[in-house]
Amino acid sequence: MELEASTRFKKTRFALLWMHLANEPLMALYTLLAFILRKDLGATTFQLTVFVTLRPVISFFSFYWSSSLTRQKDKLIPNLTWAWVLGKLPFIFLPFFSSVWYLIFASALYQLFYRAGTPALMEIMKVNIEKKKRETLFSYVFLLCFAESIFLGLFVGKFLDAYPFAWKILFIATALISISSVFFQKRIPLPKMIPDKNTPPKTKSKLLQPWKDCLYLMRTYPEFAKFQWGFMIGGFGLMLIAPALAIYFAETLSLSHETITNGRYIWMGFGVLISTFLWRKGIEKYSVKKLTSLILVGFGFFPILLLFAKISLIFLNLAFLLYGVAQAGSHLLWHLSGTLFASEEESSSKYTGTNVLMVGIRGLIGPSLGGVLISVFSPSFVLALGGIICLFGSYYILRAKSLLLKRPVQP
């Protein structure tokens, strides 16, 4: 049994490292897509609003992709591998379809399956890697990805400024590299697993069943529900500013590819590198309530610092540095929350699936409202409002009467 557990750990660790490091070039390039749409293809405010709205809204469909895993744990590997491949395929056809609308479609599909595979991945980690090793490994993988991102940032911006439409070739190459991960995902061994006992009865409607499971989970585990509400407020503030960022960077600040790439790749990467270890220790020592509040403070000051970039671009780099710090905490807490809340005998996929669903719910309103406010007021106004909402989310969760525990327990 010890030998089997050791084998499962080693193969899972290798697959996790490969898939994240192989996917980071595509992920880093993908984060520049809104800027590319505006700067290189002249996307309208409406198109940018659709672009940033589809990404979170599509999480509704991601939620359905993984909703059966609680009852069908034998589908974990196929669920992950198919999601991994389908999300990258559209980028391979960019030479034939490179319009704004095709890129919006490719982005939506990427977001759909990126979110869809997360519950399966986190459940695989939960059953194959013990808790302390799991959290440490996930933290180090995240660090390595951003170290890779910093290295890429030294070259990608200059390359895109020299060859403005080279991003098509980069998307194709990085998509193919990312897809190579499925060969190692398929080799991950899993122990024999049984479905969760603590699940609501099945309904005849497959469309309603995932929603019923989610509502049951939120009612049964109120501490998890409070965690979701805290993230909901802060996440809404970030989604509100999403359509404003590309316009603000490309027009208000008139940034080059190199400047925005340095901010996103290098300065944000440094923020992640200097803080991930501290967030990792914080998950052990502090309550989810305190950690969530600190994350939302970081997200709140990000757009506020961007407003000062009109005076000096030093504030642009500081904003991305702070965003990297907040993003490191958010990434670890959001992804690991399912494994933190679930007991050893319980599937984490239903918790992670609920995280995905909540992204879709707040995405229904945030980006669309942000697009309207840009038209009525300005991108700067939307950035300020988004920052205030994130800071209010931090205040709200600190003032919650019922404390979130260090390690949430089942009632």
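Mentor: Buried means under 20% relative accessible area, exposed over 50%, and partly exposed in between, with a 1.4 Å probe and protein chains only. This is a predicted model, where local features need pLDDT of at least 70, side-chain atom pairs count only at pLDDT 80 or more, and totals for chains, interfaces and linings use all residues. Residues are numbered from 1 along each chain as its sequence is written, and side-chain values use heavy atoms, leaving out hydrogens and water.

Trainee: How many helices and strands does the chain have?

Mentor: The chain has 18 helices and zero strands. Both are DSSP runs numbered from the N terminus: helices are H or I with at least four residues, strands E with at least two.

Trainee: What share of the residues is buried?

Mentor: Of the 411 residues in the chain, 59% are buried.

Trainee: Which residues of α18 are buried?

Mentor: Among them are Pro379, Val382, Leu383, Gly386, Ile389 and Ile397.

Trainee: And what do the buried residues of α18 pack against?

Mentor: They pack against α12 (222–252), α14 (288–307) and α17 (366–376). Contact here means heavy atoms within 4.5 Å.

Trainee: What span should α18 have?

Mentor: The 20 residues of α18, 379–398, should span 28 Å at 1.5 Å a residue, and the end C-alpha atoms are 29 Å apart, which agrees. The expected span is 1.5 Å times one less than the number of residues.

Trainee: New topic. Where is Ala173 found?

Mentor: Ala173 is in helix α9, residues 167–179.

Trainee: Why is Ala173 called partly exposed?

Mentor: Because its relative accessible area is 37%.

Trainee: How far apart are the C-alpha atoms of Ala173 and Pro25?

Mentor: They are separated by 9.2 Å, with the two residues 148 apart along the chain.
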